[in-house]
Amino acid sequence: MSKNEIFIPLKEVKLGGELNLPPGASSIVLVAHGSGSSRYSPRNQFVAGTLRADGKIGTLLFDLLTVEEEETETCTRHLRFNIPLLAVVETVGTRDLNVGYFGSSTGAAAALVAAAELPDIVGAVVSRGGRPDLAGDALGRVKAATLLIVGGEDKPVASLNEEAYYLLHCERALRIIPGATHLFEEEGTLEKVASMATDWFAGHLQPIVQHA
């Protein structure tokens with residue numbers, strides 16, 4: 001498996017990313033974490049590892065903000081929600097790969113905005129304990145098959161996900177994991193997230209047919 005630390009160039013900064021691409025991968029899932037976390041988040045690393053287990057899906061974990069921006073708690077992160085994906089397509093060369101997006105917390109809003117802005121590129125989205133409400137009007141424009149996963153004990157976020165579910169006009173599903181809190185720290189709950197995400201991407205990111 002090819003594992004590389006890469007930098008996604010934007011106009012003023014470079015965002016760090018970790019690319020893991022199995023040789024036979026037909027799809028790639030971009031993993032966006034929530035604010036206050038990083039691409040080294042053990043939870044997202046665990047999910048990414050599960051996605052790659054069968055060798056058909058590669059992953060790219062990347063940071064929506066630079067370290068300096070996280071430290072100053074910039075308020076402009078929403079302006080960059082869809083830009084990293086555009087840059088990744090050019091930087092990594094994903095034209096022959098199906099593209100999915102996995103977002104946790106505020107990163108889920110980034111995933112949904114990207115899906116709305118790039119309907120011909122993003123084929124599926126999975127949100128873990130996400131804040132889909134932060135995607136605003138973009139929710140109604142998402143065409144990618146979208147799975148919302150939320151903990152049963154994460155009451156406020158569960159309510160936000162239920163509201164977002166009805167604002168989505170694409171193939172969608174809402175799955176609530178009983179006993180799980182926002183970070184899915186309870187025994188077995190993160191494994192359930194990873195399994196659900198893997199099944200969702202496997203079912204909605206089909207290999208691209210190459211025509212002569």
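The protein averages a pLDDT of 81, and 73% of its residues score at least 70. pLDDT is the predictor's confidence in each residue, from 0 to 100. This is a predicted model, in which local features need pLDDT of at least 70 and side-chain atom pairs count only at pLDDT 80 or more, while totals for chains, interfaces and linings use all residues. Residues are numbered from 1 along each chain as its sequence is written, and side-chain values use heavy atoms, with hydrogens and water left out.

**Confidence along the chain**

Strand β7 (residues 145-151) has the highest confidence, at 98, and helix α2 (residues 67-72) the lowest, at a mean of 53. Residues 73-80 stay under 50 in pLDDT. The model gives that stretch twelve contacts beyond four places in sequence. Contact means heavy atoms within 4.5 Å. Residues 208-212 are also below 50, with five contacts beyond near neighbours in sequence. Where pLDDT is low, the predicted coordinates should not be read in detail.

**Overall build**

The protein has six helices and eight strands. From the N terminus, their order is β-β-β-α-β-α-α-β-α-β-β-α-β-α. Helices (H or I, at least four residues) and strands (E, at least two) are DSSP runs, numbered from the N terminus. Of contacts between residues at least 6 apart in sequence, 69% join residues at least 24 apart.

Buried residues make up 53% of the 212 residues. Buried means under 20% relative accessible area, exposed over 50%, and partly exposed in between (1.4 Å probe, protein chains only). The protein exposes about 9900 Å², and carbon and sulfur atoms supply 53% of that area. Accessible areas come from the Shrake-Rupley method with a 1.4 Å probe; for residues, only the protein chains shown count as cover.

**The α1/α6 pair**

Helix α1 (residues 42-51) and helix α6 (residues 189-204) have axes that come within 9 Å and cross at roughly 45 degrees. The two helices are therefore oblique to each other. Angles under 35 degrees count as roughly parallel, over 145 as roughly antiparallel, 65 to 115 as roughly perpendicular and the rest as oblique. Axes are lines fitted to C-alpha atoms, for helices over the stretch in contact, and angles run from 0 to 180 degrees between N-to-C directions.

From α1, the contact uses R43, F46, V47, T50 and L51. From α6 come L190, E191, V193, A194, A197, T198 and F201.

V47 lies in helix α1. Beyond its neighbours within four places, V47 is in contact with F102, L190, V193 and A194. The C-alpha atoms of V47 and V31 are separated by 9.3 Å, with the two residues 16 apart along the chain. T198 sits in helix α6. T198 touches T50 and L51, not counting residues up to four places away in sequence.

**Loop residues**

The loop between β8 (172-177) and α6 holds E186. E186 touches G179, A180 and T181, leaving out residues up to four places away in sequence. F184 is in the loop between β8 and α6. F184 has a positive phi near 55 degrees and is not a glycine. S105 is another non-glycine residue with a positive phi, about 55 degrees. S105 is placed in the loop between β5 (98-104) and α4 (106-117).

Relative accessibility for four of these residues is tabulated here.

| Residue | Relative accessible area | Class |
|---|---|---|
| V47 | 1% | buried |
| F184 | 3% | buried |
| T198 | 15% | buried |
| E186 | 26% | partly exposed |
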